[in-house]
Amino acid sequence: MTKHAFPAAVLLGVFAFCGASFAEEHKTGDTKTIILPGGAEMEMIWCEPGSFMMGSDVEERGRSSDETRHEVVLRRGFWLGKYEVTQSQWRSVMNGNRSKFRGDKRPEDSVSWFDCQVFLQRVNAKFQGVARLPTEAEWEYACRAGSDKPISGGENIDDVAWYAGNACGITEPVGLKNPNAWGFYDMHGNVLEWCSDWYSQLGKEKAVDPRGPMFGSFRVLRGGCWFFYERDCRSAYRMRRDPDIRNCLYGFRLLLEEID
């Protein structure tokens, strides 16, 4: 298939627009509210630089062979959406709605990886800064929130996720389950979340700021969804799909890079 590349955008002053600055000192769990094109608000949570063990233990129930456990170091902090991008936020930026399961507070579904890029380009055009999808390492770091357990945020998946065991064949409004230790909601279940990486096997060696391979055939999705059982909603679960595909299982979460 044809390989696609998108130029990096430079987003300056996004938080100046909201009366704040990236230059402030932040700690994990701090929150900011940004104003998207069209006027919708979005809550963001700060993740400090740090390290964690990515992937799953060989004895983890439900694990797949592509979840090789290894140390990852992230040298820069980032802001990540407290929730998945909702339909009201998508409509604010895109002036439309692709979702199958309608509701302003439900996550935007039925979006391809390329649809996400159009959303990000419009956000970056307004704010003149760096908005993107998280890498899968950044996503898993935020999902785990310091936990090495398969499900983060509770002992029981029903406490934190909409999945095949409790969803009624549909997405649910964001934020109804318990958050994880850093304050993120719906990292497990509800909709699968696109990441920026091309899919590849994970290595065993320590990785610093990994962004995946330069080229590939499939992009990565994380987190499981309302249609999946618990084993496929784990922190380490990895799914790969063609970036052109739209499906009512697929959504995403917005990341804003730290600006010096």
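A residue counts as buried here when its relative accessible area is under 20%. By that cut-off, 55% of the 260 residues in this chain are buried. Keep in mind that we're looking at a predicted model.

**The overall picture**

The chain has three helices and 12 strands. If you take contacts between residues at least 6 apart in sequence, 69% of them link residues at least 24 apart.

**Helix H3**

How many residues of helix H3 are buried? Nine of its nine, so the helix, which spans residues 136–144, is mostly covered. The buried set includes charged residues such as Glu-136, Glu-138, Glu-140 and Arg-144, and it also takes in Trp-139, Tyr-141 and Cys-143. Just past the end of H3, Ala-145 adopts a positive phi of about 50°.

Ser-92 and Thr-171 are worth a look together. Ser-92 sits in helix H1, residues 87–94, while Thr-171 is found in the loop between H3 and strand S7 (192–198).

| Residue | Relative accessible area | Contacts beyond four places in sequence |
|---|---|---|
| Ser-92 | 14% | Leu-36, Pro-37, Gly-38, Gly-39, Ala-40 |
| Thr-171 | 0% | Phe-101, Arg-106, Pro-107, Asn-190, Val-191, Trp-226 |

Why does Ser-92 count as buried? Because its relative accessible area is 14%, and the cut-off is under 20%. A polar atom of the Ser-92 side chain lies 2.6 Å from the backbone oxygen of Pro-37, and Pro-37 is also one of the residues that Ser-92 touches.

Thr-171 is buried too, with a value of 0%. Among its contacts are Phe-101 and Trp-226, along with Arg-106 and Pro-107. Asn-190 and Val-191 touch Thr-171 as well.

**The cavity**

Rolling a probe the size of a water molecule over the atoms shows where empty space is left. Here the count comes to one cavity of 30 Å³ or more. The largest cavity has a volume of about 40 Å³.

Which residues line it? Cys-143, Ser-152 and Val-160 do, together with Asn-178, Pro-179 and Asn-180, and then Phe-184, Tyr-185, Asp-186, Met-187 and His-188. By class, that lining has six nonpolar, four polar and one charged residues.

Notes. Residues numbered from 1 in each chain as written. Predicted model: local features only at pLDDT ≥ 70, side-chain atom pairs only at ≥ 80, totals over all residues. Heavy atoms only, no water. Helix = DSSP H or I, 4+ residues; strand = E, 2+ residues; numbered from the N terminus. Buried < 20%, exposed > 50% of the residue type's maximum accessible area, 1.4 Å probe, protein only. Contact = heavy atoms within 4.5 Å. Polar contact = N/O pair within 3.5 Å; in protein donor to acceptor, adjacent residues only side chain to side chain. 1 Å grid on protein atoms, 1.4 Å probe; cavity = no way out; pocket = protein on both sides within 12 Å on 5 of 7 lines; lining within 4 Å. Points joined across faces, edges and corners; volume = space filled by probe spheres on them.
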